[in-house]
Amino acid sequence: MTSDVFLSELEDQLGVEFYNKGLLKKAFIHTSFKNENPTMNLYDNQTLEFLGDSVLGLVISEHIENVYDSKMYYIPEILGPTKDEGKYSILRDKLIGSLLSEIADDLGLDKYLLKGKSEEKNDKGKKKRLEDLMEALIGSVFKDQGYNHAKKFVLKYFKPHIEKAFIEMYENELQAIDVKLENNSNDYFLLTSKAKILHEINKHEEALQVLDEALMIEPNYQEALSFKVYCLYELQKYELGLDMANRLIDLNPEYDFIWADRGDILLCLGRI
């Protein structure tokens with residue numbers, strides 16, 4: 001049923017070598033197979049699925065908070081007027097729900113899953129079956145090797161999809177902001193938000209142009225000045241960035257972040 005060749009092939013496919021091979025076997029036993037083979041005294045993958053669901057939610061939540069917290073510039077335009085934690089929950093659930101079966105299918109995991117004869121014929125149940133299998137697999141990695149390895153395993157497959165999803169959201173946000181700007185082209189807050197999103201999709205020069213538009217309307221808008229310093233720094237336009245940082249410091253010497261940015265720029269200019 002679960003030969004060493006089978007396990008070795010599966011481990012090579014996943015890039016994970018299990019200490020406890022029994023956990024890997026258990027992740028691939030569907031309830032229907034257990035029910036149709038009562039004399040074999042098998043354990044199905046439901047408890048691992050339950051565990052994996054929790055681990056997956058934590059990993060994705062932690063990744064979004066760590067990487068995207070400061071980059072969720074105008075997500076209310078897309079998700080509606082929800083609180084921050086509500087936005088995170090919607091994003092996490094959307095990503096997990098749409099990706100679990102897709103990733104499992106891409107990995108060809110269904111061919112390894114032991115399932116009953118009735119389930120073999122259940123094409124409509126394939127999506128749910130793959131979702132449960134992927135969660136059980138994550139649970140097995142966690143139980144076998146701990147959280148850090150499980151996190152690495154999850155992000156290996158989910159991170160590219162998360163990045164793609166955020167780019168798509170940013171592009172939707174840009175469209176929403178442009179619609180608002182049609183009615184109020186002098187909204188320097190919206191223009192600054194637009195510049196930040198352009199920067200996230202690697203349109204740096206366009207971002208600078210939009211920031212200049214915002215600063216023409218409100219020359220002392222600190223958020224626009226600060227982000228322009230950041231953009232100039234990333235584009236290695238250090239002298240321009242230093243001038244902008246000094247301008248912001250003259251406006252508000254207690255703006256602590258800009259002192260750190262100014263220090264980074266001076267370092268890059270060799271002015272230790």
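Tutor: Helices here are DSSP runs of at least four residues, numbered from the N terminus. The model is a predicted one.

Student: What elements does the chain have, from the N terminus on?

Tutor: The chain has 14 helices and zero strands. Read from the N terminus on, the order of elements is therefore α-α-α-α-α-α-α-α-α-α-α-α-α-α.

Student: Is the chain a compact globule or more spread out than one?

Tutor: For 272 residues the globule rule gives 19 Å, and the radius of gyration of the chain is 25 Å, well over that. Along the principal axes, the C-alpha trace spans about 80 × 45 × 25 Å. Going by the radius of gyration, the chain is more spread out than a compact globule.

Student: What share of contacts in the chain, between residues at least 6 apart in sequence, joins residues at least 24 apart?

Tutor: A contact needs heavy atoms within 4.5 Å. Of the contacts between residues at least 6 apart, the share that joins residues at least 24 apart is 64%.

Student: How far apart are the mean positions of the positive and negative charges?

Tutor: The chain carries 33 positive and 49 negative charges. Their mean positions are separated by 6 Å.

Student: What span does helix H12 reach from its first C-alpha to its last?

Tutor: H12 covers residues 222-234, which is 13 residues. At 1.5 Å a residue, 18 Å is expected. The helix comes close to that, reaching 18 Å.

Student: Which helices do the buried residues of H12 pack against?

Tutor: The buried residues of H12 are Ala224, Leu225, Ser226, Phe227, Lys228, Val229, Cys231 and Leu232. Their packing partners are helices H10 (188-200), H11 (204-217), H13 (238-251) and H14 (256-268).

Student: Which residue just after H12 takes a positive phi?

Tutor: H12 covers residues 222-234. Just after the helix, a phi of about 60° is taken by Gln236.

Student: Does Tyr221 count as buried or exposed?

Tutor: Tyr221 is found in the loop between H11 and H12. Buried means under 20% relative accessible area. The relative accessibility of Tyr221 is 18%, so this residue counts as buried.

Student: Which residues does Tyr221 touch, not counting those up to four places away in sequence?

Tutor: Touching is judged by heavy atoms within 4.5 Å. With residues up to four places away left out, Tyr221 touches Tyr188, Phe189, Thr192 and Leu215.

Student: What distance separates the C-alpha atoms of Tyr221 and Val59?

Tutor: Tyr221 and Val59 are 162 residues apart along the chain. The separation of their C-alpha atoms is 37 Å.

Technical notes:
Residues numbered from 1 in each chain as written. Predicted model: local features only at pLDDT ≥ 70, side-chain atom pairs only at ≥ 80, totals over all residues. Heavy atoms only, no water. Helix = DSSP H or I, 4+ residues; strand = E, 2+ residues; numbered from the N terminus. Rg over C-alpha atoms; globule rule 2.2 N^0.38 Å. Lys, Arg positive; Asp, Glu negative; His and termini not counted. Charge placed at Lys NZ, Arg CZ, Asp CG, Glu CD. Expected span 1.5 Å × (residues − 1). Buried < 20%, exposed > 50% of the residue type's maximum accessible area, 1.4 Å probe, protein only.
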